[in-house]
Amino acid sequence: MLVALLPGDGIGPEVITEAVRVLDALALPGLVFEKALVGGAAYKATGHPLPAATLELAKRADAILFGAVGDPDCDNLERRLRPEQAILGLRKELQLFANLRPATLFSELTDASALRPEVAAQIDMVIVRELNGDVYFGEKGMRKNADGKREGYDIMSYNEDEVRRIARVGFETAMARGKKLCSVDKANVLETSQLWRDVVIETHAEYPDVALSHMYVDNAAMQLVRNPGQFDVIVTGNLFGDILSDQASMCAGSIGMLPSASLDANQKGLYEPIHGSAPDIAGQGKANPLATILSAAMMLRYSLGLADAADRIEAAVAKALANGARSPDLGGKDSTTEMGDAVIAALT
Ligand code: IPM
Ligand code: MG
């Protein structure tokens, strides 16, 4: 089984190194890694954030373990050359339309949550975010309006097939958990959201055992901090999911803790921490590698059929935290490598 390693920018290489050390420690037979450049690192070396060789490797691999992209040096490049285009390009080219972002709070970390411990302790949800459409991929541009003023625009749209396939992932995810699905939209204002809501309701007929509710995104943002325990599975569009999943991460202790899976229709996937490249702390050994290590566990479970190994990693992370491992984002002083060491030492 071939795993493509795409470390990328900022803290990406540091956290990927730790995830690979953990995978190596499991000594899984038949697992091979191949590394490629992506993001700002790829732009600087080749002139493109998603070089053809990287895309080819990603297509050939059974799964992709991704670090992060984003580099302030590249902020003034034209958009198609910016590091972020690499992850957006991979999601689109490989049709990775279903982004699963679990938000659970390790009991050891209730104090690290931005919420009161008794509220935070209830968090156990999965955000299912659509990744191939919405305002991310609509027509966009800069123009001058009739008064000669500059105007930027990004068109938001979803077609019913796109909504139906992500709605099904939401319902399936709910079926495998607490059988509650909350669809988040802005149907009081947006036509895109009205279609979203109509199609989710239609799709519900295929999943009568799931309790479906609907929430406007502004209310959802409020409910996430007021009472996150009410959510089991949230299904939402690309933009709302981007925002709500960052918010959920702070409720769950730290953005350094949350993994994610981006899957195509055949469970092939790209796995990445939801945090970004964090250029401000890059190269200082301060990054928390646990989100990436947990992403590697998701990869074993969803794309490589190695659920036992995934369980072992997740148990080791919990044990490392119970043993006191804490990177700076969790209020401690452990370095990136020490966090990796703590997980490896906790593997049974
Ligand atoms: C994420 C990130 C990306 C996104 C960026 C890097 C393009 O914020 O994966 O959540 O907006 O999807
Ligand atoms: Mg984001």
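I began at strand 2, where Val 32 is the bridge partner of Leu 2. I take helices (H or I, at least four residues) and strands (E, at least two) as DSSP runs, numbered from the N terminus. Strand 1 and strand 2 run parallel and are joined by four bridges. I call two strands paired if DSSP finds at least two bridges between them.

I noted the ground rules next. This is a predicted model, in which local features need pLDDT of at least 70 and side-chain atom pairs count only at pLDDT 80 or more, while totals for chains, interfaces and linings use all residues. Residues are numbered from 1 along each chain as its sequence is written, chains are lettered from A and ligands numbered from 1 in the order in which they are written, and side-chain values use heavy atoms, with hydrogens and water left out.

**Entry: the whole chain**

I looked up the secondary structure of the chain and found twelve helices and twelve strands. The C-alpha trace spans about 60 × 50 × 35 Å along its principal axes. For 348 residues a compact globule would have a radius of gyration near 20 Å, and the chain agrees, because its own value is 20 Å. That radius is taken over C-alpha atoms, and the globule rule is 2.2 Å times the number of residues to the power 0.38.

I then checked burial and found that 53% of the 348 residues count as buried. Buried means under 20% relative accessible area, exposed over 50%, and partly exposed in between (1.4 Å probe, protein chains only). The chain exposes about 14,700 Å², of which carbon and sulfur atoms supply 51%. These areas come from the Shrake-Rupley method with a 1.4 Å probe; for residues, only the protein chains shown count as cover.

Among contacts in the chain with a separation of 6 or more, 75% are between residues 24 or more positions apart. A contact means heavy atoms within 4.5 Å.

I also looked at charge: the mean positions of the 34 positive and 47 negative charges are 2 Å apart. Lys and Arg count as positive, Asp and Glu as negative, and His and the chain ends are not counted. I place each charge at NZ of Lys, CZ of Arg, CG of Asp or CD of Glu.

**Entry: strand 1**

How many of the seven residues of strand 1 are buried? I found seven of the seven, so the strand is largely enclosed by the rest of the structure. Leu 2, Ala 4, Leu 6 and Gly 8 lie on one side, and Val 3, Leu 5 and Pro 7 on the other.

I picked out Leu 5, which lies in strand 1 (residues 2-8). Leu 5 is buried at a relative accessible area of 5%. Leaving aside neighbours within four places in sequence, Leu 5 is in contact with Ile 16, Val 20, Phe 33, Glu 34, Lys 35, Ala 36 and Leu 65. I also noted that Leu 5 and Val 38, 33 residues apart in sequence, are 9.7 Å apart, C-alpha to C-alpha.

Thr 236 has a relative accessible area of 0%. Not counting residues up to four places away in sequence, Thr 236 touches Val 128, Arg 129, Glu 130, Val 184, Trp 196 and Gly 241. I found 6.6 Å between the C-alpha atoms of Thr 236 and Asp 185, which are 51 residues apart along the chain.

**Entry: positive phi**

Most residues other than glycine have a negative phi. I noted Ala 27, with phi near 45 degrees. Ala 27 lies in the loop between helix 1 (12-26) and strand 2 (32-35). Is Ala 27 buried or exposed? I found Ala 27 exposed, with a relative accessible area of 60%.

Lys 179 also has a positive phi, of about 60 degrees. I located Lys 179 in the loop between helix 6 (160-175) and strand 8 (180-185). Lys 179 counts as partly exposed, at 33% relative accessibility.
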